[in-house]
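Have a look at the model first, then read on.

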Amino acid sequence: MTCNLKLLAGQKKSSPFWTFEYYQTFFDVDTYQVFDRIKGSLLPIPGKNFVRLYIRSNPDLYGPFWICATLVFAIAISGNLSNFLIHLGEKTYHYVPEFRKVSIAATIIYAYAWLVPFALWGFLMWRNSKVMNIVSYSFLEIVCVYGYSLFIYIPTAILWIIPQKAVRWILVMIALGISGSVLAMTFWPAVREDNRRVALATVMTIVLLHMLLSVGCLAYFFDAPEMDHLPTTTAIPNQTVTAAKSS
C-alpha cells in the first residue's frame with residue numbers, strides 16, 4: 001500500500017489507493033490550470049522548473065491523458081491524409097484508410113508517456129538512495145511533465161500533412177527543441193548534484209528517447225514508402241500471344 005501511494009503522488013493520501021475517490025483526485029483540475037500548463041510547455045523559461053512552477057501544487061492525469069489521446073488521432077489521421085494527398089491524381093493509386101495506424105500510434109504514445117516516466121522515476125529513486133541531496137519527483141509529477149511536453153506535437157502532426165520533407169523536418173526540429181527543452185530544464189535540477197557523468201548521461205538519454213519518438217513517428221507515419229499506389233503487372237498467357245501473332 002505504501003509503495004502504491006508513493007508511486008502515484010505523495011501528497012494525495014486522503015483516500016485508500018483501491019478506492020475510486022483516490023484516483024478521482026488525479027483528474028481534479030480546472031481548465032485554467034490545464035491551459036496554464038500547456039502554455040508553460042510551449043514557452044519553456046530558462047531557470048524555471050516546470051514541476052515547481054506548474055505541477056507540484058496539483059499534479060494531474062487529466063491533461064496528459066487527453067493530450068496523448070489527441071496526439072494519437074492527430075498522427076493517425078494526418079498520416080492517412082498525407083498519404084492520400086501525396087498520391088492524389090495518380091490513376092494507379094487506390095486509397096485505403098489505414099485504421100491500424102490508430103492502434104499503432106496509441107501503443108507508441110501511451111507506452112512512451114508511461115513506461116519512460118516509470119523508468120526515470122525508478123532511476124531517480126535509486127540515485128537518491130546514493131546521493132541524498134538529489135531532487136525528488138513523484139511518479140505522477142514525471143508523468144505530468146512528459147504528458148504536457150507532448151502537446152507541441154499535436155499541431156506539428158497536423159502540419160506534417162504538408163507533402164514537403166524539408167518542411168516536415170523543420171517542424172519536427174522545432175517541436176523537439178521546445179519539448180526537449182522542457183524535459184531537460186525540468187530534470188537537470190534533479191540530477192545535477194549527482195556524479196557529473198551520470199547527470200549528463202541521464203539528461204542526454206531523456207532527450208535521445210524523446211528524439212527517437214518524434215523522428216520515429218515522422219518516419220513511420222509520414223515518410224514510410226506506400227505500396228498501394230504501385231501498378232500491378234498482369235501476365236499475358238502464351239496462348240494469347242501466339243494467337244495474336246498468327247492472326
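H5 and H6 pack with their axes 9 Å apart, at an angle of about 145 degrees. Axes here are lines fitted to C-alpha atoms, for helices over the stretch in contact, and angles run from 0 to 180 degrees between N-to-C directions. Helices are DSSP runs of H or I with at least four residues, strands are runs of E with at least two, and both are numbered from the N terminus. The crossing of H5 past H6 is right-handed; that's the word when the near helix is turned clockwise from the far one by less than a right angle, and anticlockwise makes it left-handed.

Who touches whom? On the H5 side the list includes Phe-65, Leu-71 and Ile-75, and on the H6 side it includes Lys-101, Ile-109 and Ala-113. Contact means heavy atoms within 4.5 Å. The residues in this H5 and H6 contact split into 14 nonpolar, two polar and one charged. For that count, Ala, Val, Leu, Ile, Met, Phe, Trp, Tyr, Cys and Pro are nonpolar, Asp, Glu, Lys and Arg are charged, and the others, Gly among them, are polar.

All of this comes from a predicted model, where local features need pLDDT of at least 70 and side-chain atom pairs count only at pLDDT 80 or more, while totals for chains, interfaces and linings use all residues. Residues are numbered from 1 along each chain as its sequence is written, and side-chain values use heavy atoms, with hydrogens and water left out.

H6 (residues 100-130) also meets H7 (residues 139-149): their axes come within 9 Å and cross at roughly 135 degrees. That makes H6 oblique to H7, since angles under 35 degrees count as roughly parallel, over 145 as roughly antiparallel, 65 to 115 as roughly perpendicular and the rest as oblique. This crossing is right-handed. Among the residues in contact are Trp-114, Phe-118 and Trp-121 from H6, and Phe-139, Ile-142 and Tyr-146 from H7. By class, the contact has 13 nonpolar, no polar and no charged residues.

Zooming out, the protein has eleven helices and zero strands, and 43% of its 247 residues count as buried. Buried means under 20% relative accessible area, exposed over 50%, and partly exposed in between (1.4 Å probe, protein chains only).

Which residues touch the most other members of the largest nonpolar core? Out of its 56 residues, they are Ile-75, Ile-109, Tyr-146, Leu-150 and Phe-187. H9 gives the most to this core, with nine residues. Such a core is a set of buried Ala, Val, Leu, Ile, Met, Phe, Trp, Tyr and Cys residues joined through side-chain atoms within 4.5 Å. Leaving out residues up to four places away in sequence, Ile-109 touches Cys-68, Leu-71, Val-72, Ile-75, Leu-150, Leu-213 and Cys-217.

| Residue | Relative accessibility | Class |
|---|---|---|
| Ser-214 | 2% | buried |
| Leu-176 | 9% | buried |
| Phe-35 | 56% | exposed |

Ser-214 lies in helix H10 and Leu-176 in helix H9. Neighbours up to four places away aside, Ser-214 touches Tyr-153, Trp-160, Val-172 and Leu-176. Leu-176 and Leu-213 are 37 residues apart in sequence, yet 9.7 Å apart in space, C-alpha to C-alpha.
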